[in-house]
Amino acid sequence: MIYFQKMKQRAIELKRKKDIFILALESSCDETAAAIVRNGREVLSSVISSQIETHQVYGGVVPEIASRKHVEAINEVIHCALKQSDLAKARLDAIAVTFGPGLVGALLVGVSAAKALAYGLSVPLIGVHHIEGHISANYIQHKELEPPFVCLIVSGGHTQIVHVKDYGSYDLVGETMDDAAGEAFDKVARVLGLGYPGGPAVDRIARHGNPNAIHFPRAGIKDRPFDFSFSGLKTAVINYLHHLEQKGETYSTEDVAASFQKAVVDVLVEKTIASANMLKLEKIVVAGGVAANSCLKEGLEESAVKNNMQLFIPPPVLCTDNAAMIGCAGYYCLLQGKISPLSLNAVPYLPLTGRND
Ligand code: KG4
Ligand code: ZN
(Lines give C-alpha, C1' and ligand atoms only; values in the text may rest on other atoms or scores of the structure.)
(Ligands and ions follow the chains in the order given, each with its own letter.)
Protein backbone atom coordinates (compact mmCIF):
# COMPACT_ATOMS: atom_id res chain seq x y z
CA MET A 1 0.00 0.00 0.00
CA ILE A 2 2.81 2.41 0.91
CA TYR A 3 4.49 1.51 -2.40
CA PHE A 4 1.28 2.26 -4.34
CA GLN A 5 0.72 5.67 -2.70
CA LYS A 6 4.34 6.61 -3.31
CA MET A 7 4.05 5.54 -6.95
CA LYS A 8 0.83 7.53 -7.48
CA GLN A 9 2.83 10.61 -6.43
CA ARG A 10 5.75 9.53 -8.62
CA ALA A 11 3.43 9.20 -11.65
CA ILE A 12 2.30 12.82 -11.16
CA GLU A 13 5.91 14.01 -10.94
CA LEU A 14 6.89 12.03 -14.05
CA LYS A 15 4.51 14.09 -16.20
CA ARG A 16 6.95 16.99 -15.83
CA LYS A 17 9.96 14.92 -16.88
CA LYS A 18 11.33 15.56 -20.38
CA ASP A 19 12.06 11.94 -21.25
CA ILE A 20 10.11 9.03 -19.83
CA PHE A 21 11.68 5.59 -20.31
CA ILE A 22 9.41 2.56 -19.96
CA LEU A 23 10.44 -1.08 -19.93
CA ALA A 24 7.53 -3.12 -21.27
CA LEU A 25 6.86 -6.86 -21.10
CA GLU A 26 4.45 -9.03 -23.11
CA SER A 27 3.80 -12.73 -22.50
CA SER A 28 0.08 -13.23 -23.14
CA CYS A 29 0.36 -16.05 -25.69
CA ASP A 30 3.36 -17.57 -27.45
CA GLU A 31 5.78 -14.64 -27.67
CA THR A 32 8.02 -13.56 -24.80
CA ALA A 33 8.84 -9.93 -25.49
CA ALA A 34 10.53 -6.94 -23.85
CA ALA A 35 11.03 -3.41 -25.14
CA ILE A 36 12.29 -0.03 -24.02
CA VAL A 37 10.20 2.89 -25.23
CA ARG A 38 10.94 6.60 -24.85
CA ASN A 39 8.00 8.99 -24.49
CA GLY A 40 5.53 6.40 -25.75
CA ARG A 41 6.38 6.48 -29.42
CA GLU A 42 10.12 6.00 -29.77
CA VAL A 43 11.28 2.39 -29.58
CA LEU A 44 14.84 2.13 -28.25
CA SER A 45 14.82 -1.66 -28.33
CA SER A 46 12.33 -4.45 -28.97
CA VAL A 47 13.14 -8.10 -28.41
CA ILE A 48 10.73 -10.92 -29.30
CA SER A 49 11.39 -14.56 -28.48
CA SER A 50 8.87 -16.65 -30.41
CA GLN A 51 7.71 -20.11 -29.34
CA ILE A 52 6.20 -20.90 -32.75
CA GLU A 53 8.57 -23.80 -33.46
CA THR A 54 7.69 -25.44 -30.14
CA HIS A 55 3.93 -25.26 -30.71
CA GLN A 56 4.07 -26.10 -34.44
CA VAL A 57 4.47 -29.79 -33.56
CA TYR A 58 1.05 -29.69 -31.84
CA GLY A 59 -0.70 -27.58 -34.50
CA GLY A 60 -1.53 -24.81 -32.00
CA VAL A 61 -0.47 -23.19 -28.74
CA VAL A 62 -0.29 -25.58 -25.76
CA PRO A 63 -0.88 -23.29 -22.74
CA GLU A 64 1.13 -25.30 -20.20
CA ILE A 65 4.16 -25.43 -22.50
CA ALA A 66 3.78 -21.72 -23.30
CA SER A 67 4.01 -20.80 -19.59
CA ARG A 68 7.16 -22.87 -19.10
CA LYS A 69 8.80 -21.40 -22.19
CA HIS A 70 8.04 -17.87 -20.93
CA VAL A 71 9.74 -18.71 -17.62
CA GLU A 72 12.82 -19.89 -19.51
CA ALA A 73 12.99 -16.84 -21.79
CA ILE A 74 11.86 -13.84 -19.76
CA ASN A 75 15.10 -12.87 -18.00
CA GLU A 76 17.17 -13.19 -21.16
CA VAL A 77 14.69 -11.16 -23.20
CA ILE A 78 14.69 -8.35 -20.59
CA HIS A 79 18.49 -8.43 -20.49
CA CYS A 80 18.70 -8.16 -24.30
CA ALA A 81 16.21 -5.28 -24.44
CA LEU A 82 18.21 -3.32 -21.86
CA LYS A 83 21.50 -4.06 -23.60
CA GLN A 84 20.22 -3.07 -27.05
CA SER A 85 18.79 0.19 -25.74
CA ASP A 86 22.06 1.12 -24.03
CA LEU A 87 20.01 2.33 -21.09
CA ALA A 88 21.04 1.58 -17.51
CA LYS A 89 18.30 -0.09 -15.45
CA ALA A 90 18.42 2.81 -13.01
CA ARG A 91 17.14 5.18 -15.72
CA LEU A 92 13.85 3.31 -16.15
CA ASP A 93 10.86 5.40 -15.06
CA ALA A 94 8.17 2.71 -15.09
CA ILE A 95 7.47 -0.95 -15.92
CA ALA A 96 4.52 -1.78 -18.19
CA VAL A 97 3.16 -5.30 -18.61
CA THR A 98 0.28 -7.05 -20.35
CA PHE A 99 -2.04 -8.35 -17.59
CA GLY A 100 -4.88 -9.60 -19.83
CA PRO A 101 -6.56 -10.93 -21.82
CA GLY A 102 -4.57 -14.05 -22.67
CA LEU A 103 -3.45 -17.41 -21.31
CA VAL A 104 -3.41 -17.09 -17.54
CA GLY A 105 -0.20 -19.05 -16.91
CA ALA A 106 1.58 -17.19 -19.69
CA LEU A 107 0.41 -13.78 -18.47
CA LEU A 108 1.53 -14.55 -14.92
CA VAL A 109 5.15 -14.88 -16.02
CA GLY A 110 5.26 -11.33 -17.40
CA VAL A 111 3.20 -9.91 -14.55
CA SER A 112 5.44 -11.49 -11.89
CA ALA A 113 8.64 -10.32 -13.58
CA ALA A 114 7.22 -6.79 -13.97
CA LYS A 115 6.22 -6.62 -10.30
CA ALA A 116 9.68 -7.70 -9.16
CA LEU A 117 11.31 -5.08 -11.40
CA ALA A 118 8.94 -2.28 -10.39
CA TYR A 119 9.36 -3.00 -6.68
CA GLY A 120 13.12 -3.49 -6.94
CA LEU A 121 13.63 -0.26 -8.89
CA SER A 122 10.97 1.64 -6.94
CA VAL A 123 9.14 2.77 -10.08
CA PRO A 124 5.44 2.61 -11.02
CA LEU A 125 3.95 -0.63 -12.34
CA ILE A 126 1.49 -0.26 -15.23
CA GLY A 127 -0.87 -3.11 -16.09
CA VAL A 128 -1.73 -2.83 -19.81
CA HIS A 129 -4.68 -4.32 -21.70
CA HIS A 130 -3.28 -6.44 -24.55
CA ILE A 131 -5.70 -5.02 -27.13
CA GLU A 132 -4.94 -1.46 -26.05
CA GLY A 133 -1.35 -2.42 -26.86
CA HIS A 134 -2.30 -3.60 -30.36
CA ILE A 135 -4.11 -0.32 -31.04
CA SER A 136 -1.09 1.65 -29.76
CA ALA A 137 1.27 -0.09 -32.21
CA ASN A 138 -0.11 2.45 -34.66
CA TYR A 139 1.12 5.41 -32.59
CA ILE A 140 4.66 4.04 -32.87
CA GLN A 141 4.52 3.74 -36.64
CA HIS A 142 2.42 6.83 -37.41
CA LYS A 143 3.84 9.61 -35.24
CA GLU A 144 1.12 12.04 -36.33
CA LEU A 145 -1.78 9.77 -35.43
CA GLU A 146 -4.07 10.98 -32.64
CA PRO A 147 -7.57 9.85 -31.62
CA PRO A 148 -10.44 9.97 -32.48
CA PHE A 149 -10.57 7.19 -35.06
CA VAL A 150 -12.26 3.91 -35.91
CA CYS A 151 -10.16 0.86 -35.15
CA LEU A 152 -10.57 -2.59 -36.64
CA ILE A 153 -9.03 -5.05 -34.18
CA VAL A 154 -8.27 -8.42 -35.76
CA SER A 155 -6.18 -10.89 -33.82
CA GLY A 156 -6.17 -14.57 -32.91
CA GLY A 157 -8.69 -14.02 -30.11
CA HIS A 158 -10.48 -10.79 -31.08
CA THR A 159 -12.44 -9.28 -33.94
CA GLN A 160 -13.93 -5.96 -32.98
CA ILE A 161 -14.62 -2.53 -34.37
CA VAL A 162 -13.95 0.10 -31.73
CA HIS A 163 -14.47 3.85 -31.68
CA VAL A 164 -11.29 5.19 -30.09
CA LYS A 165 -12.53 8.52 -28.73
CA ASP A 166 -9.36 9.43 -26.89
CA TYR A 167 -6.35 7.72 -25.31
CA GLY A 168 -7.84 5.01 -23.10
CA SER A 169 -11.44 5.83 -24.07
CA TYR A 170 -13.31 3.32 -26.22
CA ASP A 171 -16.80 2.46 -27.45
CA LEU A 172 -17.50 -0.95 -28.91
CA VAL A 173 -19.15 -0.63 -32.33
CA GLY A 174 -19.21 -4.27 -33.39
CA GLU A 175 -17.65 -7.64 -32.67
CA THR A 176 -17.65 -11.25 -33.72
CA MET A 177 -20.45 -13.45 -32.46
CA ASP A 178 -18.30 -16.59 -32.72
CA ASP A 179 -14.77 -17.10 -34.13
CA ALA A 180 -12.20 -14.34 -34.34
CA ALA A 181 -10.78 -13.61 -37.81
CA GLY A 182 -7.34 -14.96 -36.86
CA GLU A 183 -8.94 -18.08 -35.44
CA ALA A 184 -10.75 -18.65 -38.77
CA PHE A 185 -7.44 -18.27 -40.63
CA ASP A 186 -5.75 -20.75 -38.27
CA LYS A 187 -8.56 -23.32 -38.53
CA VAL A 188 -8.82 -23.15 -42.32
CA ALA A 189 -5.02 -23.40 -42.58
CA ARG A 190 -5.16 -26.55 -40.48
CA VAL A 191 -7.71 -28.27 -42.75
CA LEU A 192 -5.64 -27.24 -45.76
CA GLY A 193 -2.57 -28.78 -44.11
CA LEU A 194 -0.71 -25.47 -43.98
CA GLY A 195 0.38 -25.76 -40.32
CA TYR A 196 0.49 -23.25 -37.47
CA PRO A 197 0.24 -20.26 -37.36
CA GLY A 198 -2.22 -20.37 -40.20
CA GLY A 199 -2.68 -16.71 -41.07
CA PRO A 200 0.73 -16.03 -42.61
CA ALA A 201 0.61 -19.39 -44.47
CA VAL A 202 -2.82 -18.66 -46.00
CA ASP A 203 -1.68 -15.14 -46.90
CA ARG A 204 1.41 -16.52 -48.67
CA ILE A 205 -0.29 -19.30 -50.61
CA ALA A 206 -3.34 -17.18 -51.51
CA ARG A 207 -1.12 -14.97 -53.68
CA HIS A 208 -0.95 -17.85 -56.17
CA GLY A 209 -4.70 -18.55 -56.16
CA ASN A 210 -7.86 -17.06 -57.68
CA PRO A 211 -9.96 -15.23 -55.05
CA ASN A 212 -13.06 -15.58 -57.23
CA ALA A 213 -12.68 -19.32 -57.90
CA ILE A 214 -15.11 -20.41 -55.15
CA HIS A 215 -17.88 -18.31 -53.67
CA PHE A 216 -17.80 -18.73 -49.88
CA PRO A 217 -20.52 -17.01 -47.77
CA ARG A 218 -20.14 -13.45 -46.41
CA ALA A 219 -22.21 -13.81 -43.29
CA GLY A 220 -24.03 -10.92 -41.71
CA ILE A 221 -26.12 -10.77 -38.56
CA LYS A 222 -29.71 -9.58 -38.74
CA ASP A 223 -30.16 -6.07 -37.28
CA ARG A 224 -26.49 -5.92 -36.22
CA PRO A 225 -24.77 -4.28 -39.19
CA PHE A 226 -21.36 -4.00 -37.50
CA ASP A 227 -21.09 -7.50 -36.02
CA PHE A 228 -19.28 -10.46 -37.54
CA SER A 229 -19.66 -14.22 -37.76
CA PHE A 230 -16.91 -16.43 -39.17
CA SER A 231 -17.86 -19.91 -38.00
CA GLY A 232 -20.21 -20.49 -40.98
CA LEU A 233 -17.43 -19.56 -43.38
CA LYS A 234 -15.05 -22.01 -41.73
CA THR A 235 -17.72 -24.75 -42.01
CA ALA A 236 -18.35 -23.86 -45.66
CA VAL A 237 -14.65 -24.34 -46.44
CA ILE A 238 -14.58 -27.70 -44.61
CA ASN A 239 -17.77 -28.87 -46.40
CA TYR A 240 -16.37 -27.82 -49.76
CA LEU A 241 -13.21 -29.86 -49.18
CA HIS A 242 -15.08 -32.91 -47.85
CA HIS A 243 -17.49 -32.86 -50.76
CA LEU A 244 -14.67 -32.97 -53.31
CA GLU A 245 -12.72 -35.57 -51.33
CA GLN A 246 -15.79 -37.83 -51.19
CA LYS A 247 -16.15 -37.58 -54.95
CA GLY A 248 -12.45 -38.36 -55.30
CA GLU A 249 -11.81 -35.00 -56.94
CA THR A 250 -8.82 -32.78 -56.31
CA TYR A 251 -8.88 -29.09 -55.47
CA SER A 252 -6.50 -26.18 -55.70
CA THR A 253 -5.24 -25.28 -52.19
CA GLU A 254 -4.24 -21.89 -53.57
CA ASP A 255 -7.76 -21.17 -54.89
CA VAL A 256 -9.41 -22.29 -51.64
CA ALA A 257 -7.00 -20.13 -49.58
CA ALA A 258 -7.50 -17.09 -51.84
CA SER A 259 -11.31 -17.45 -51.94
CA PHE A 260 -11.57 -17.95 -48.17
CA GLN A 261 -9.27 -14.98 -47.51
CA LYS A 262 -11.31 -12.79 -49.86
CA ALA A 263 -14.53 -13.74 -48.02
CA VAL A 264 -13.01 -12.68 -44.67
CA VAL A 265 -11.50 -9.49 -46.06
CA ASP A 266 -14.68 -8.39 -47.89
CA VAL A 267 -16.67 -8.45 -44.64
CA LEU A 268 -13.94 -6.78 -42.56
CA VAL A 269 -13.53 -3.98 -45.10
CA GLU A 270 -17.25 -3.37 -45.62
CA LYS A 271 -18.10 -3.16 -41.91
CA THR A 272 -15.09 -1.03 -41.02
CA ILE A 273 -15.90 1.54 -43.71
CA ALA A 274 -19.58 1.48 -42.71
CA SER A 275 -18.62 2.11 -39.06
CA ALA A 276 -16.43 5.07 -39.99
CA ASN A 277 -19.25 6.52 -42.11
CA MET A 278 -21.76 6.02 -39.31
CA LEU A 279 -19.47 7.78 -36.80
CA LYS A 280 -18.46 10.42 -39.37
CA LEU A 281 -14.78 9.65 -38.82
CA GLU A 282 -12.18 9.85 -41.55
CA LYS A 283 -9.39 7.94 -39.89
CA ILE A 284 -9.30 4.13 -40.00
CA VAL A 285 -6.77 2.24 -37.91
CA VAL A 286 -6.09 -1.51 -38.03
CA ALA A 287 -4.60 -3.52 -35.18
CA GLY A 288 -3.71 -7.12 -34.27
CA GLY A 289 -2.01 -10.05 -35.99
CA VAL A 290 -4.41 -10.22 -38.96
CA ALA A 291 -3.56 -6.57 -39.74
CA ALA A 292 -0.40 -8.09 -41.28
CA ASN A 293 -2.56 -9.70 -43.99
CA SER A 294 -1.66 -8.38 -47.45
CA CYS A 295 -5.14 -8.85 -48.94
CA LEU A 296 -6.76 -6.97 -46.02
CA LYS A 297 -4.30 -4.12 -46.49
CA GLU A 298 -5.05 -3.92 -50.23
CA GLY A 299 -8.82 -4.10 -49.67
CA LEU A 300 -8.80 -1.38 -47.04
CA GLU A 301 -6.46 0.83 -49.05
CA GLU A 302 -8.77 0.66 -52.05
CA SER A 303 -11.91 1.40 -50.03
CA ALA A 304 -10.26 4.13 -47.97
CA VAL A 305 -9.29 5.99 -51.16
CA LYS A 306 -12.82 5.62 -52.58
CA ASN A 307 -14.34 6.96 -49.35
CA ASN A 308 -11.82 9.77 -48.80
CA MET A 309 -10.56 8.17 -45.61
CA GLN A 310 -7.08 7.92 -44.18
CA LEU A 311 -5.79 4.43 -43.40
CA PHE A 312 -3.23 3.50 -40.73
CA ILE A 313 -1.76 -0.01 -40.45
CA PRO A 314 1.42 -0.93 -38.54
CA PRO A 315 4.22 -2.86 -40.28
CA PRO A 316 3.88 -6.68 -39.80
CA VAL A 317 6.37 -6.84 -36.91
CA LEU A 318 4.23 -4.38 -34.92
CA CYS A 319 0.96 -6.12 -35.90
CA THR A 320 1.75 -9.40 -34.17
CA ASP A 321 2.54 -9.63 -30.46
CA ASN A 322 5.43 -7.45 -29.26
CA ALA A 323 6.32 -5.43 -26.17
CA ALA A 324 6.92 -2.06 -27.86
CA MET A 325 3.16 -1.64 -28.30
CA ILE A 326 2.69 -2.37 -24.57
CA GLY A 327 5.28 0.32 -23.73
CA CYS A 328 3.39 2.81 -25.88
CA ALA A 329 0.00 2.00 -24.32
CA GLY A 330 1.65 2.04 -20.87
CA TYR A 331 2.96 5.55 -21.49
CA TYR A 332 -0.52 6.95 -22.08
CA CYS A 333 -1.83 5.07 -19.00
CA LEU A 334 0.97 6.63 -16.95
CA LEU A 335 0.15 10.14 -18.18
CA GLN A 336 -3.45 9.55 -17.04
CA GLY A 337 -2.27 8.29 -13.64
CA LYS A 338 -3.49 4.76 -14.38
CA ILE A 339 -0.90 2.73 -12.51
CA SER A 340 -1.29 -0.63 -10.80
CA PRO A 341 -0.73 -1.89 -7.25
CA LEU A 342 1.70 -4.74 -6.59
CA SER A 343 -1.33 -7.01 -6.15
CA LEU A 344 -1.89 -6.82 -9.94
CA ASN A 345 -3.08 -10.22 -11.18
CA ALA A 346 -3.34 -11.86 -14.60
CA VAL A 347 -6.86 -11.62 -16.05
CA PRO A 348 -7.51 -14.14 -18.85
CA TYR A 349 -10.89 -12.69 -19.91
CA LEU A 350 -10.79 -8.90 -19.99
CA PRO A 351 -13.08 -6.90 -22.31
CA LEU A 352 -11.62 -3.62 -23.58
CA THR A 353 -14.97 -1.94 -23.39
CA GLY A 354 -18.67 -2.73 -23.29
CA ARG A 355 -21.25 -2.11 -25.96
CA ASN A 356 -22.69 1.38 -25.95
CA ASP A 357 -26.16 0.59 -27.26
O1 KG4 B 1 -2.27 -10.37 -32.39
P2 KG4 B 1 -1.68 -11.71 -32.50
O3 KG4 B 1 -0.21 -11.83 -32.76
O4 KG4 B 1 -1.98 -12.55 -31.22
C5 KG4 B 1 -3.19 -12.43 -30.54
O6 KG4 B 1 -3.30 -11.49 -29.73
O7 KG4 B 1 -4.09 -13.25 -30.85
O8 KG4 B 1 -2.50 -12.44 -33.64
C9 KG4 B 1 -2.23 -13.74 -34.03
C10 KG4 B 1 -3.18 -14.09 -35.16
C11 KG4 B 1 -3.10 -15.57 -35.56
O12 KG4 B 1 -4.41 -16.06 -35.68
C13 KG4 B 1 -2.39 -15.51 -36.91
O14 KG4 B 1 -2.76 -16.58 -37.76
C15 KG4 B 1 -2.89 -14.17 -37.45
O16 KG4 B 1 -2.87 -13.32 -36.32
N17 KG4 B 1 -2.01 -13.63 -38.51
C18 KG4 B 1 -2.42 -13.45 -39.78
C19 KG4 B 1 -1.28 -12.98 -40.50
N20 KG4 B 1 -0.24 -12.87 -39.62
C21 KG4 B 1 -0.71 -13.27 -38.39
N22 KG4 B 1 -3.62 -13.68 -40.37
C23 KG4 B 1 -3.71 -13.42 -41.69
N24 KG4 B 1 -2.68 -12.98 -42.44
C25 KG4 B 1 -1.46 -12.75 -41.90
N26 KG4 B 1 -0.45 -12.31 -42.66
ZN1 ZN C 1 -2.04 -10.08 -29.70
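Reader: Let's start with Gln-141: which helix does Gln-141 lie in?
Author: Bear in mind that this is a predicted model. Gln-141 has a relative accessibility of 39%, so it counts as partly exposed. As for its place in the chain, Gln-141 belongs to the helix that spans residues 130-141, and that is α5.

Reader: How does the domain assignment divide the chain, and what are the bounds of domain 1 and domain 2?
Author: The bounds come from an automatic or database assignment. Domain 1 is written as two pieces, 2-136 + 320-335, and domain 2 is given as 148-313.

Reader: How far apart do the C-alpha centres of domain 1 and domain 2 lie, and how many residues does each give to the contact?
Author: The C-alpha centres of domain 1 and domain 2 are 29 Å apart. For the contact, domain 1 puts in 15 residues, and domain 2 puts in 15 residues.

Reader: What area do domain 1 and domain 2 bury between them, and which three residues of domain 1 supply more of its share than any other three?
Author: Between them, domain 1 and domain 2 bury about 1200 Å², and 69% of that is on carbon and sulfur atoms.

Reader: How many salt bridges does the rule find in total, and how many across the interface of domain 1 and domain 2?
Author: Side chains of opposite charge can pair when their charged atoms come close. The overall count by this rule is 18 salt bridges. Across the interface of domain 1 and domain 2, though, the number found is zero.

Reader: Which residue meets Asp-93 in a salt bridge, and where do the two sit in the chain?
Author: Asp-93 is in the loop between α3 (63-85) and β4 (94-100), while its partner is in the loop between α1 (2-14) and β1 (21-26). The pair links distant parts of the chain, 76 residues apart. The N to O distance is 2.9 Å, and the partner is Lys-17.

Reader: Is Asp-93 buried or exposed?
Author: The cut-off for buried is under 20% relative accessible area. Lys-17, at 33%, is partly exposed. Asp-93 has a relative accessible area of 4%, so Asp-93 is buried.

Reader: How do Asp-203 and Arg-207 count by relative accessibility, buried or exposed?
Author: These two form a salt bridge, with their closest N and O atoms 3.5 Å apart. Asp-203 has 7% relative accessibility and so counts as buried. Arg-207 has 54%, so it counts as exposed.

Reader: What is the distance between the closest N and O atoms of Asp-171 and Lys-165?
Author: On accessibility, Asp-171 is at 15% and counts as buried, whereas Lys-165 is at 36% and counts as partly exposed. They form a salt bridge, and the closest N and O atoms are separated by 3.3 Å.

Reader: Which residues cover the two faces of strand β5?
Author: Five of the five residues of β5 (residues 125-129) are buried, so the strand is largely enclosed by the rest of the structure. Both faces are covered, with buried residues on each: Leu-125, Gly-127 and His-129 on one side, Ile-126 and Val-128 on the other.

Reader: Which residue in β5 is the bridge partner of Ile-95?
Author: β4 and β5 are parallel partners, joined over five bridges. Within that pairing, Ile-95 has as its bridge partner Leu-125.

Reader: Which helix does the chain pass through from β4 to β5?
Author: This is a β-α-β crossover, and it is right-handed. The connecting helix covers residues 104-121: α4.

Reader: Which strand pairs with β9 over three bridges?
Author: Four of the five residues of β9 (residues 283-287) are buried, so β9 is largely enclosed by the rest of the structure. Four bridges join β9 to the parallel strand β6 (residues 149-154), where Val-150 stands opposite Ile-284. The parallel partner over three bridges is β10.

How values were computed:
Residues are numbered from 1 along each chain as its sequence is written. Chains are lettered from A and ligands numbered from 1 in the order in which they are written. This is a predicted model: local features need pLDDT of at least 70, side-chain atom pairs count only at pLDDT 80 or more; totals for chains, interfaces and linings use all residues. Side-chain values use heavy atoms; hydrogens and water are left out. Buried means under 20% relative accessible area, exposed over 50%, partly exposed in between (1.4 Å probe, protein chains only). Two strands pair if DSSP finds at least two bridges between them. Contact means heavy atoms within 4.5 Å. Buried area is the accessible area (1.4 Å probe) that two parts lose on being put together, summed over both. A salt bridge is a side-chain nitrogen of Lys or Arg within 4 Å of a carboxyl oxygen of Asp or Glu. A crossover is right-handed if, with the strands pointing away from the viewer, the path from the first strand over the helix to the second runs clockwise.
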